[in-house]
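Dear colleague,

I am passing on the structure we spoke about, with the sequence alongside.

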Amino acid sequence: VYKRQMQVIGELAEPLPGERTVLRNEESALGRFVADIMRQRADTEIALINAGSLRQGLNNGFINEMDIFSVFPFEDTIVTGMLSGKELFEILDFMVTEKIGEGGFLQSSGIEFDIFDGSISNLKINGKAVEEDRGYSFCANSFLTGGGDGYEMFRNIKNIKNTGDTVPQAIVEYIKREKYILPGSSKQGKK
């Protein structure tokens with residue numbers, strides 16, 4: 001197993017920094033990269049992952065499985081479901097009021113928003129304004145959907161499904177498939 005984990009699975013064109021102060025305070029290339037892979041794997045409109053689950057960055061150059069498990073050393077699975085626009089606002093407002101600077105700050109894919117005076121504004125999913133009563137497909141890591149980092153509101157969301165795919169497994173398989181990774185130009189989309 002160790003020998004397999006040390007084999008090169010791909011190459012990263014640019015580093016994906018994993019500084020704790022960045023991951024827990026703002027959108028980061030590493031967070032977006034992981035969330036993009038989760039969203040593509042789950043085929044959802046958005047992906048959310050708590051910054052505390054990302055433990056270090058990736059250097060440019062050759063990558064092996066051990067590198068990925070150093071970035072994300074947990075066996076969290078990818079969970080899918082439907083969120084209303086209102087529920088998404090509640091989750092992001094909780095992040096802005098309670099989690100900036102902490103492990104519960106969310107890294108994401110498929111959404112964009114502004115933070116103004118401690119609240120969320122101009123929330124868009126794939127470039128379109130979020131409607132509070134509309135449902136949106138999402139995926140997140142199982143720690144988050146289990147109420148981790150204080151996100152208890154995930155426990156009230158109906159139609160949650162655990163895919164059984166672990167986050168590190170999805171990252172490894174993506175890199176093996178793509179071979180040469182140029183962050184920010186991935187096929188699965190950007191914020």
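This is a predicted model: local features need pLDDT of at least 70, side-chain atom pairs count only at pLDDT 80 or more; totals for chains, interfaces and linings use all residues.

The protein chain is made up of 7 helices and 11 strands. Its radius of gyration is 16 Å, close to the 16 Å that the globule rule gives for 191 residues, so the chain is as compact as a globular protein of that length. Along the principal axes, the C-alpha atoms fill a box of roughly 50 × 30 × 30 Å. Among contacts with a separation of 6 or more, 76% are between residues 24 or more positions apart in the chain.

As for the surface, the accessible area of the protein chain comes to about 9300 Å², and carbon and sulfur atoms account for 46% of it. The chain carries 22 positive and 28 negative side chains, and the centres of these two sets lie 6 Å apart.

Turning to the interior, 49% of the 191 residues are buried. The largest nonpolar core has 53 residues, and those with the most contacts inside it are Phe-33, Val-34, Leu-88 and Ile-175.

Ser-84 lies in strand β4, which covers residues 77-84. Its relative accessibility is 18%, and because the cut-off for a buried residue is under 20%, Ser-84 counts as buried. Leaving aside neighbours within four places in sequence, Ser-84 is in contact with Glu-132, Arg-134, Gly-135 and Tyr-136.

Ser-28, for its part, sits in the loop between α2 (20-23) and α3 (29-42), and with a relative accessible area of 4% Ser-28 is buried as well. With residues up to four places away in sequence not counted, Ser-28 touches Val-22, Leu-23 and Gln-107. In case you wish to check a distance in your viewer, the C-alpha atoms of Ser-28 and Asn-122 are separated by 19 Å, the two residues being 94 apart along the chain.

With best wishes

How values were computed. Residues are numbered from 1 along each chain as its sequence is written. Side-chain values use heavy atoms; hydrogens and water are left out. Helices (H or I, at least four residues) and strands (E, at least two) are DSSP runs, numbered from the N terminus. The radius of gyration is taken over C-alpha atoms; the globule rule is 2.2 Å times the number of residues to the power 0.38. Buried means under 20% relative accessible area, exposed over 50%, partly exposed in between (1.4 Å probe, protein chains only). Contact means heavy atoms within 4.5 Å. Accessible areas come from the Shrake-Rupley method with a 1.4 Å probe; for residues, only the protein chains shown count as cover. Lys and Arg count as positive and Asp and Glu as negative; His and the chain ends are not counted. The place of a charge is taken as NZ of Lys, CZ of Arg, CG of Asp or CD of Glu. A nonpolar core is a set of buried Ala, Val, Leu, Ile, Met, Phe, Trp, Tyr and Cys residues joined through side-chain atoms within 4.5 Å.
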